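Please keep the sequence and the three-dimensional view at hand while reading.

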Amino acid sequence: MNKEMSETLTRVGPGTRMGELLRRYWVPALASKEIPEADGPQVRVQLLGEKLLAFRNTDGKACLISEFCSHRGVSLYFGRNEENGIRCAYHGVKFDGDGKCVDVPSSPQSCARMHIKGYPCVERGGIVWAYMGPVEHQPAPPEIEWCTLPDSHVFVSKRLQYSNWLQAMEGGIDTAHVSYVHRYEVDTDPMHQGVKALDYIKADGNVVFEIEKTPYGLGLFGRRNGEPDSYYWRVTQWLFPWFTLIAPFGEHALGGHVWVPIDDYHCWAWSINWQPFRPLSDEERAAMEAGQGIHVEYEAPGSFVPKANRDNDYGMDRVAQREKRSYSGIFGFSAQDYSLQESMGPIQNHEAEQLLPTDKAIVMARRMLSEAAMGIEQGVTPPALDASQQRVRPAGVLLPKEQNPVDWAREHLANSIDKPVFSL
């Protein structure tokens, strides 16, 4: 990665190459429960370098508009959410959920020139999604499996990460690190216990990868030694541009992430668990709410800042590290990941890195993102806009050594929403 490519992939504000690309997709903006009631308090939201305001209008619809009044630049966070719009507290200028100015008390004839940005929103999977791109290019809403299930089957959380979105997402693509940084945590985490696959993961850190470029992004095949006549394959997916799926473990819930830029230096890390064919049990949901598995405990309720964070060295425990209770000395799957990703700096020095064969998927993802971002400037349609292509599911499976995993995945995982879950 040279400096120009690094700049292309990490800068996300309006008018930047990556910013223009990401605006062509539905963006997870906030959790539906953050705006629980009609005419309730509005919430500040920052996405792709834009400061926005989310609220639920009188009709119960989730809305996302610019944070600032077009009159004198006052924050509409201090305005009134009433009668299907936000009224500025300074001079009473009012905007509807689309950003259209509908009332200027002192100058009614000025409404037409007072509009602010407003973005279409849909709600799926407990998330308010916004489309921030050109109206004529708006795609169908997302159809990732967890977006299509009843609320009882899904648990969604998010956390603030102090790093660029790219290095966070690349951690989600990188399945090789599981044999190291997470190797001791899996023995005690309630969402991973009693799983045969963990024996293969811990025993074989020399992962061999096969990567398949697909219409949705990348299929990632990580091979480890299994039984004498088989390999254990962790089959995961990167769904362009920011979704990652996690291979399931036993009967535990499936998992995935969405990595969403706040600005160039911070991102939202969304974590999702789901059971395709049944509601989450009380025990599963309690563990997730307690911050176990891929979720976190917050520093303060509603802050979305992890309790283990850079200000306290993520709770580093050198004794636990020495006693092999934690590989890195940090506890919690997410904390183990984001502590290392944040340690790279807000934007890592890509020119200084020395990549290895296990980074093949990361290299391919970077190339796909770069080509798509530059293609937008030439009028090229970006990839993976067809939501139906998102109907894939990760898997963990033992296959005979002579079995081609890509062929197996095409048969069992493509359009797999109604098929069995393959897990060990």
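**Salt bridges across the chain**

The side chains of glutamate 145 and arginine 393 meet in a salt bridge, with 2.5 Å from N to O. A salt bridge here is a side-chain nitrogen of Lys or Arg within 4 Å of a carboxyl oxygen of Asp or Glu. Glutamate 145 lies in the loop between β11 (127–131) and β12 (154–161), and arginine 393 lies in the loop between α8 (360–377) and β19 (395–400), so the pair ties together parts that are 248 residues apart in sequence. Both glutamate 145 and arginine 393 are buried. Buried means under 20% relative accessible area, exposed means over 50%, and partly exposed lies in between, with a 1.4 Å probe and protein chains only. Helices (H or I, at least four residues) and strands (E, at least two) are DSSP runs, numbered from the N terminus.

This is a predicted model, in which local features need pLDDT of at least 70 and side-chain atom pairs count only at pLDDT 80 or more, while totals for chains, interfaces and linings use all residues. Residues are numbered from 1 along each chain as its sequence is written, and side-chain values use heavy atoms, with hydrogens and water left out.

A second pair is formed by glutamate 170 and arginine 366, whose closest N and O atoms are 2.6 Å apart in a salt bridge. This pair links distant parts of the chain, with glutamate 170 in helix α3 (residues 165–173) and arginine 366 in helix α8, 196 residues apart. Glutamate 170 counts as buried at 6% relative accessibility, and arginine 366 counts as buried at 4%.

Lysine 94 and glutamate 83 also meet through their side chains in a salt bridge, at 3.8 Å from N to O. Lysine 94 belongs to strand β7 (residues 94–95), and glutamate 83 to the loop between β5 (80–81) and β6 (86–87), 11 residues apart. Are these two partners buried or exposed? Lysine 94 is buried, with a relative accessible area of 6%, whereas glutamate 83 is exposed, with a relative accessible area of 58%.

Side chains of opposite charge can pair when their charged atoms come close. In this model the count comes to 23 salt bridges. Arg80, Glu82, Arg87 and Asp103 are linked in a network of salt bridges. Taken over the protein chain, the mean positions of the 43 positive and 55 negative charges are 3 Å apart.

**A covered helix**

Helix α7 (residues 333–343) is mostly covered, with 9 of its 11 residues buried. Among the buried residues of α7 are Phe333, Tyr338 and Glu342. What lies over the buried residues of α7 includes β12 and α3, judged by contact, which means heavy atoms within 4.5 Å. Just after α7, glycine 345 takes a positive phi of about 100°.

Most residues other than glycine have a negative phi, and most peptide bonds are trans. Aspartate 39 has a positive phi, near 60°, and is not a glycine. Aspartate 39 is placed in the loop between β1 (26–31) and β2 (43–47), and is partly exposed, with a relative accessible area of 31%. Phenylalanine 304 likewise has a positive phi, of about 65°, although it is not a glycine. The loop between α5 (282–289) and α6 (318–322) holds phenylalanine 304, which counts as buried at 15% relative accessibility.

Which residues are joined by a cis peptide bond? They are phenylalanine 240 and proline 241, with omega of about 0°. Proline 241 is found in the loop between β15 (230–239) and β16 (243–246).

**The chain as a whole**

The protein chain has 9 helices and 19 strands. Of its 424 residues, 56% count as buried. Among contacts between residues at least 6 apart in sequence, 60% join residues at least 24 apart. The C-alpha atoms fill a box of roughly 80 × 45 × 45 Å, taken along the principal axes.

Definitions and conventions:
Lys, Arg positive; Asp, Glu negative; His and termini not counted. Charge placed at Lys NZ, Arg CZ, Asp CG, Glu CD.
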